[in-house]
Amino acid sequence: MGSITVGFLHSLVRREEKLLIGEFNQRRNVNLVLIDDRRLCFDLKHRPEVDVIVERSINHSRALHALRLYQGLGIPCVNSYDVSLTCGDKILTAAALQDHGVAQPDLRIAFTIESALKAIEELGYPVVLKPAVGSWGRLLSRVNDRDAAETILEHKAVLGSYHHSIFFIQKYIDKRGRDIRAFVVGNDCIAAIYRSSTHWITNTARGATASCCPVTPELGELCLSAAKAVGGGVLAIDLFESTDGFLVNEVNYTMEFRNSIDTTGIHIPGKVVDHVLSCTNG
Amino acid sequence: MSECPVCGGEITLADDVVTGELLECGDCGSELEVTSLDPVELEEAPEAEEDWGQ
């Protein structure tokens, strides 16, 4: 087997990147090239000497554009530009899930304060307002009544950049203190955790605790359907357990998994590296 | 052995440390970034930006 050169696109090296770097370095026949997106100066006509790019940038906008440029040079990327484009924007994710008939919370998208208010009242309180691009539970608003809705919509429109006037409105789901994060790598749902918190936001970045969640056939099939809807690859699917069954809340494309290796007993970096190495053109 | 740029505390780097790696100072809790390996340089990690995440 010939040597595979892996371009590792990153900026800050978090625990996940360190684990992946360590895993790549343990593999025989792998030459790992670290590419710091802060030092990247792209020449559209120059193809870097890499067989595959694994994207681990912390900035969505940098990741997105770099992936487009690398793919334009014929280099396979994990995840792909299309997947990153879809998953990096909650509106595009919701549209992809809808296109593929994947269950998700009821939601509306509106472009003005007036239409957003109408949409909120149509859904019924409480609702959750989310930035279309954002992560780690930042700037999420649970809106319990019309007074709060009017205030938050005005603040977003007046104080935020124009992105914050694209209103993504999701029906609030009573998740009874927890949600699920499941990990899909290629064609397998490899593991899942419960994320539990007394707060309505259950991101581990906001202090939620992780515990092992069994991957039942129902959960696994839904996660694979969600992954397929956005284009597949290495993905973290966030789900609610509603009275109507599982609902897909979000799909993350530069997934964080530091709290899930010991919790699940699954060596997630190894699974990711296996997948990346299987994606080379050779 | 390196020095925390915030509090001056001593910081021991792992053998496999890489440029760009995030560290936490054991003395003051500051989040630091390894900006150079030869010579070793540490800086306060940048603040989170709007499009950061996963």
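**Close-up views of a predicted two-chain model**

View 1. Residues are numbered from 1 along each chain as its sequence is written, and chains are lettered from A and ligands numbered from 1 in the order in which they are written. The C-alpha atoms of chain B fill a box of roughly 35 × 25 × 15 Å along the principal axes.

**View 2. The strands of chain B.** Chain B holds zero helices and five strands (DSSP runs numbered from the N terminus: H or I of at least four residues for helices, E of at least two for strands). Mean pLDDT, the predictor's confidence in each residue from 0 to 100, is 95 for chain B. Confidence in chain B is lowest in strand 1 (residues 2–3), at a mean of 94, and highest in strand 5 (residues 40–44), at 97. The model as such scores ipTM 0.93 and pTM 0.95.

**View 3. The contact between chain B and chain A.** Twelve residues from chain B and 23 residues from chain A take part (residues are in contact if their C-beta atoms, placed from the backbone, lie within 7 Å). The side of chain B that touches chain A divides into four nonpolar, three polar and five charged residues (Ala, Val, Leu, Ile, Met, Phe, Trp, Tyr, Cys and Pro are nonpolar, Asp, Glu, Lys and Arg charged, and the others, Gly among them, polar).

**View 4. Two packed helices of chain A.** Helix 1 (residues 15–26) and helix 9 (residues 268–277) of chain A pack at an angle of about 60 degrees, with axes 9 Å apart. Helix 1 contributes A:Leu19, A:Leu20, A:Glu23 and A:Phe24 to the contact, and helix 9 of chain A contributes A:Pro269, A:Gly270, A:Val272 and A:Val273. By class, this contact has six nonpolar, one polar and one charged residues.

View 5. A:Ala95 lies in helix 4 (residues 90–99) of chain A. A:Ala95 is partly exposed, because 14 other C-beta atoms lie within 10 Å. A:Ala95 and A:Gly124 are 29 residues apart in sequence and 21 Å apart in space, C-alpha to C-alpha.

How values were computed
This is a predicted model: local features need pLDDT of at least 70, side-chain atom pairs count only at pLDDT 80 or more; totals for chains, interfaces and linings use all residues. Axes are lines fitted to C-alpha atoms, for helices over the stretch in contact, and angles run from 0 to 180 degrees between N-to-C directions. Two residues are in contact if their C-beta atoms, placed from the backbone, lie within 7 Å. A residue is buried if 20 or more other C-beta atoms lie within 10 Å of its own, exposed if 12 or fewer, and partly exposed in between; C-beta atoms are placed from the backbone.
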